[in-house]
Amino acid sequence: MTEEEKVLRNTIEQKIALFTRYEPSIDNKHDRREVKSLSYIAVKGLLYFAAHDNNAINLIENAQEWSTGLDNVQVIKMYELIYYLHRKNVADNKALKALYKYQYFLTHNEKKTNPEWSMFISSMDNHYSSFFVKKD
């Protein structure tokens, strides 16, 4: 990074840190990777960030309202990516199912909160069906 990019990155880190448990002045571990990654992405002008973490998603989706400096970053939610690859049939379905389970259905709490694979696919089909309409 250039010196100008470093200054900008530090400024964005300060803005993002307000909405996390990371404190740049003491460089604690809580949310540090998330804050540093997102600020780097913003400074370098990268357009997309694939995320599973709800806090990272909120930081991007509420960028304007919270003034995080992430206004030009778009989030790709992992569950949407998993579903898209499944729906387009461009990846091994067993591997996608395993990835979904690892990301969203591993712990007892996740199993109470998130649907199992077939219900996930069914719900996503209902929600995104208009995106996959066959054109004649």
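## A first look around the chain

Set aside the neighbours within four places in sequence, and glutamine 103 is in contact with His52, Met78 and Glu110. Glutamine 103 sits in helix H6. It is buried, because its relative accessible area is 13%, under the 20% cut-off. Keep in mind as you look around that this is a predicted model.

**The overall layout**

Let's step back. The protein chain has eight helices and two strands. Starting at the N terminus, the elements follow the order α-α-β-α-α-β-α-α-α-α. The C-alpha trace spans about 50 × 40 × 25 Å along its principal axes. Of the 136 residues in the chain, 31% are buried. If you take the contacts between residues at least 6 apart in sequence, 51% of them join residues at least 24 apart.

Helix H1 covers residues 3-17.

Which residues of H1 are buried? They are Ile12, Glu13, Ile16 and Ala17. These residues cover an arc of only 130 degrees around the axis, so they lie on the same side of H1.

Lysine 44 belongs to helix H2. Leaving out neighbours within four places in sequence, lysine 44 is in contact with Met1 and Glu5. Its side chain is joined to that of glutamate 5 by a polar contact of 3.2 Å. Lysine 44 counts as partly exposed, because its relative accessible area of 34% falls between the 20% and 50% cut-offs. For a sense of distance, the C-alpha atoms of lysine 44 and leucine 99 are separated by 29 Å, with the two residues 55 apart along the chain.

The loop between H1 and H2 holds aspartate 27, and aspartate 31 lies in that loop too. Aspartate 27 has a positive phi of about 50 degrees although it is not a glycine. Aspartate 31 also has a positive phi, of about 65 degrees, and it is not a glycine either. Aspartate 27 is partly exposed, at 36% relative accessibility.

**The two strands**

Strand E1 (residues 48-51) pairs with E2 in the parallel sense, over four bridges. Tyrosine 48 stands opposite glutamine 74 in E2, while phenylalanine 49 has valine 75 as its bridge partner there.

What do the two faces of each strand look like? In general, the side chains of a regular strand alternate between the two faces of the sheet. In E1, Phe49 and Ala51 make up the covered face, and Tyr48 and Ala50 the uncovered one.

**Rings meeting rings**

The count of aromatic pairs comes to seven. One of them is tyrosine 79 with tyrosine 104: their ring centres are 6.1 Å apart and their planes stand at 80 degrees, over the 60 needed, so the pair is edge-to-face. This pair links distant parts of the chain, with tyrosine 79 in helix H5 (residues 78-87) and tyrosine 104 in helix H6 (residues 93-104), 25 residues apart.

Is each of these tyrosines buried or partly exposed? Tyrosine 79 is partly exposed, with a relative accessible area of 27%, but tyrosine 104 is buried, at 10%. Ring pairs also tie Tyr79 and Tyr104 into a cluster with Tyr100, Trp117 and Phe120.

**Accessibility at a glance**

Here are the residues discussed above with their values.

| Residue | Relative accessible area | Class |
|---|---|---|
| Tyrosine 104 | 10% | buried |
| Glutamine 103 | 13% | buried |
| Tyrosine 79 | 27% | partly exposed |
| Lysine 44 | 34% | partly exposed |
| Aspartate 27 | 36% | partly exposed |

Conventions
Residues numbered from 1 in each chain as written. Predicted model: local features only at pLDDT ≥ 70, side-chain atom pairs only at ≥ 80, totals over all residues. Heavy atoms only, no water. Phe/Tyr/Trp six-rings, centres within 6.5 Å; stacked < 30°, edge-to-face > 60°. Buried < 20%, exposed > 50% of the residue type's maximum accessible area, 1.4 Å probe, protein only. Expected span 1.5 Å × (residues − 1). Arc of directions from axis to C-beta. Pairing = 2+ DSSP bridges. Contact = heavy atoms within 4.5 Å. Polar contact = N/O pair within 3.5 Å; in protein donor to acceptor, adjacent residues only side chain to side chain.
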